[in-house]
Amino acid sequence: MKICKLNATDSTSLYLKELMLSEPLEDFTVVTAKKQLKGRGQMGTLWESEVASNLTFSVFKKLDALPVSNQFMISICVSIGIYKALKKLQIPEVSIKWPNDILSGNQKVCGVLIENVLSGNKIQASILGIGLNVNQINFENLPRATSLKLLMGESFNLDEVLHVVLDSIENQFSLLNMETEKEIRISYEKLLFRKGKPSTFKNKKGELFMGFISGISAEGKLVVTLEDGISSTFNLKEIELLY
């Protein structure tokens, strides 16, 4: 594992992309930065992070020509890896908010953005962008955000947390093969935030409706059982789970 530490960069994922063009990268090459000028979250949102208080990093993960149809397994492995790392750090009430936000209770502590490198209908590699709130204590205009320090009442060593998270994600990917995909998918579903509980959702028209999260489809879409008992699947742009 090669770790490149930067003081500042526009985006650790963008830095890795540019690095890919200039040299062959070994599996699990990591770029981490104290400050990201243009950090990104899901669906084009900005990832805001206090300088030198949190972990903002990206991981280059080689894949053995994973079919594009199985791409959600990447998100599953990253999510479970982070989940296990936070459990090792004794963070309470950890869960995964579909597709790959990591929560403690109902507050977000970690976000993930995955970008794939394709060759035809195969994924050759992925860039795993991760933002983990570690020692930040003030989150202006982010009422649902929290950090390890706020949760545990103590400061954490950023390097130590980074290695716990990286080791856990790397180990999770080592478990991935055709025989274990179903088992890993079931494990992911068990960790889903509000699974099996009555929840309120908002569709892309802004309409609210009630339903129960029952799992994910083979493509990674969220499966919601509606009030009439009929199950429907939704992708990330079609539905928002309200707390």
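View 1. At a relative accessibility of 40%, alanine 52 counts as partly exposed, where buried stands for under 20% relative accessible area, exposed for over 50% and partly exposed for what lies in between, with a 1.4 Å probe and protein chains only. Alanine 52 sits in the loop between β2 and β3, and its phi is positive, about 65°, although the residue is not a glycine. Helices (H or I, at least four residues) and strands (E, at least two) are DSSP runs numbered from the N terminus. Glutamine 90, in the loop between α2 and β4, likewise has a positive phi, near 65°, without being a glycine, and with 62% relative accessibility glutamine 90 counts as exposed. The model shown in every view is predicted, so that local features need pLDDT of at least 70 and side-chain atom pairs count only at pLDDT 80 or more, whereas totals for chains, interfaces and linings use all residues. Residues are numbered from 1 along each chain as its sequence is written, and side-chain values use heavy atoms, with hydrogens and water left out.

**View 2. The largest nonpolar core and tyrosine 188.** A nonpolar core is a set of buried Ala, Val, Leu, Ile, Met, Phe, Trp, Tyr and Cys residues joined through side-chain atoms within 4.5 Å. The largest one holds 56 residues, of which Phe57, Ile82, Leu86, Leu132, Leu148, Phe173 and Tyr188 touch the most other members. Helix α2 (residues 72-88) supplies the largest share of this core, eleven residues. Apart from this core lies another, of nine residues, including Leu16, Val31, Ala33 and Ala125. Leaving aside neighbours within four places in sequence, tyrosine 188 is in contact (heavy atoms within 4.5 Å) with Phe72, Ile76, Ser79, Ile80, Ile96, Trp98, Pro99 and Ile216. Two of these partners, tryptophan 98 and proline 99, are joined by a cis peptide bond with omega of about 5°, and proline 99 lies in the loop between β4 (94-97) and β5 (101-104).

View 3. The buried residues of helix α1 (residues 12-22) are Thr12, Ser13, Leu16 and Leu19. These residues cover an arc of only 115° around the axis, taken from the directions from the helix axis to the C-beta atoms, and so they lie on the same side of α1. The elements that cover them include β1, β2 (29-36), β3 (55-67), β6 (107-119) and β7 (122-132), while the face turned away from the buried side carries the exposed residues Leu21 and Ser22. At the start of α1, a side-chain oxygen of serine 11 comes to within 3.2 Å of the backbone nitrogen of serine 13. Threonine 9, found in strand β1 (residues 2-9), is buried at a relative accessible area of 12%; not counting residues up to four places away in sequence, threonine 9 touches Tyr15, Ala33, Lys35, Gln36 and Leu37.

**View 4. The open sheet of five strands.** The strand order is β11-β10-β9-β8-β12, with antiparallel pairing, where two strands pair if DSSP finds at least two bridges between them. Because β11 (231-234) and β12 (239-242) stand at the edges with a single partner strand each, one side of each is left without a neighbour in the sheet. Strand β8 (residues 198-203) is joined to strand β9 (residues 208-216) by five bridges, and the two run antiparallel; the bridge partner of proline 198 in β9 is phenylalanine 212.

Methods
Polar contact = N/O pair within 3.5 Å; in protein donor to acceptor, adjacent residues only side chain to side chain.
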